[in-house]
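Here's a quick briefing to read alongside the coordinates. Have the viewer open, and we'll go from the overall fold down to single residues.

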Amino acid sequence: MNITLKQAEAVIAAAKAKAVALNTLMNIAVVDSGTNLVAFAHMDNAWLGSIDISQKKARTARYFNMASGEIGKLSQPGGPLYNIEHSNSGLITFPGGVLITNTGGEIIGAVGISGDSVENDHAVAQAGADAIK
């Protein structure tokens with residue numbers, strides 16, 4: 001199962017609405033279940049460096065089927081996944097990447113957000129993912 005463009009656009013719209021509510025500017029990336037980019041939005045004046053980060057957060061979540069922040073917890077020094085961020089052409093292991101599931105609970109993609117604090121990045125990503133449920 002893969003996210004459709006229509007669903008990805010709904011994710012983008014919900015994430016943008018949450019970013020506006022938080023008074024922040026974000027880069028929003030939606031990937032399908034194979035980690036291919038389906039939709040992307042760069043809010044006006046959002047950080048340029050966060051374009052790549054948002055896409056890597058989405059891919060990180062899908063590669064390991066968990067939120068990117070959860071990978072971060074496991075990849076700390078002494079942790080079982082220490083240094084994993086160097087794999088797969090670079091991962092992002094802090095919050096802001098969230099899986100997207102369909103109404104049946106199947107993973108159909110992931111959303112990655114970057115542009116503010118990791119707390120706000122995660123909140124915006126979750127709002128985007130929740131648009132599909």
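This is a predicted model: local features need pLDDT of at least 70, side-chain atom pairs count only at pLDDT 80 or more; totals for chains, interfaces and linings use all residues.

Two strands count as paired here if DSSP finds at least two bridges between them. Helices (H or I, at least four residues) and strands (E, at least two) are DSSP runs, numbered from the N terminus. With that in hand: in β2, the bridge partner of Ala-29 is Phe-40, while in β4 the partner is Gly-112.

Residues are numbered from 1 along each chain as its sequence is written, and side-chain values use heavy atoms, with hydrogens and water left out.

**Overall fold**

- The protein has four helices and four strands, and along the sequence they come in the order α-β-β-α-α-β-β-α.
- The radius of gyration is 13 Å, close to the 14 Å that the globule rule gives for 133 residues, so the protein is as compact as a globular protein of that length. (The radius is taken over C-alpha atoms, and the rule is 2.2 Å times the number of residues to the power 0.38.)
- Along the principal axes, the C-alpha atoms fill a box of roughly 40 × 35 × 20 Å.
- Take contact to mean heavy atoms within 4.5 Å: among contacts between residues at least 6 apart in sequence, 62% join residues at least 24 apart.

**Surface and charge**

- Of the 133 residues, 44% count as buried. (Buried means under 20% relative accessible area, exposed over 50%, and partly exposed in between, with a 1.4 Å probe and protein chains only.)
- The protein exposes about 6,300 Å², and carbon and sulfur atoms supply 53% of that. The areas come from the Shrake-Rupley method with a 1.4 Å probe; for residues, only the protein chains shown count as cover.
- There are 9 positive and 11 negative side chains, with the centres of the two sets 3 Å apart. Lys and Arg count as positive and Asp and Glu as negative, leaving out His and the chain ends; each charge is placed at NZ of Lys, CZ of Arg, CG of Asp or CD of Glu.

**How the strands pair**

- Strand β1 (residues 27–32) pairs with β4 in the antiparallel sense over six bridges, and β1 also pairs antiparallel with β2 (residues 37–42), over five bridges.
- β3 (residues 97–101) is joined to β4 by five bridges, again antiparallel.
- Val-30 stands opposite Val-111 in β4 and opposite Ala-39 in β2. Val-111 also has Val-98 opposite.
- The hairpin of β1 and β2 has four residues between the strands, and Thr-35 takes a positive phi near 75°.
- β3 and β4 form a hairpin with five residues between them, where Gly-105 in the turn has a positive phi of about 85°.

**How covered the strands are**

- Seven of the eight residues of β4 (residues 107–114) are buried, so β4 is largely enclosed by the rest of the structure.
- β1 is mostly covered too, with six of its six residues buried.
- In a regular strand the side chains alternate between the two faces of the sheet. In β1, Asn-27, Ala-29 and Val-31 point one way and Ile-28, Val-30 and Asp-32 the other, and all are buried.

**A look at Ile-3**

- Ile-3 sits in the segment before α1 (5–21) and counts as buried because its relative accessibility is 7%.
- Which residues does Ile-3 contact, leaving aside neighbours within four places in sequence? They are Ala-8, Val-11, Val-30, Val-31, Asp-32, Val-38, Ile-100 and Ile-108.
- Ile-3 and Ile-108 are 105 residues apart along the chain, yet their C-alpha atoms are separated by 5.0 Å.

**Loop residues worth a click**

- Asn-65, in the loop between α2 (50–64) and α3 (68–74), has a positive phi of about 55° although it is not a glycine. Its relative accessibility is 40%, so Asn-65 counts as partly exposed.
- Asn-88, in the loop between α3 and β3, also has a positive phi, near 55°. It is partly exposed, with a relative accessible area of 40%.
- Leu-81 lies in the loop between α3 and β3 and is partly exposed at 26%. Beyond residues up to four places away, Leu-81 touches Ile-71, Leu-74 and Ser-75; its C-alpha is 7.7 Å from that of Ile-71.
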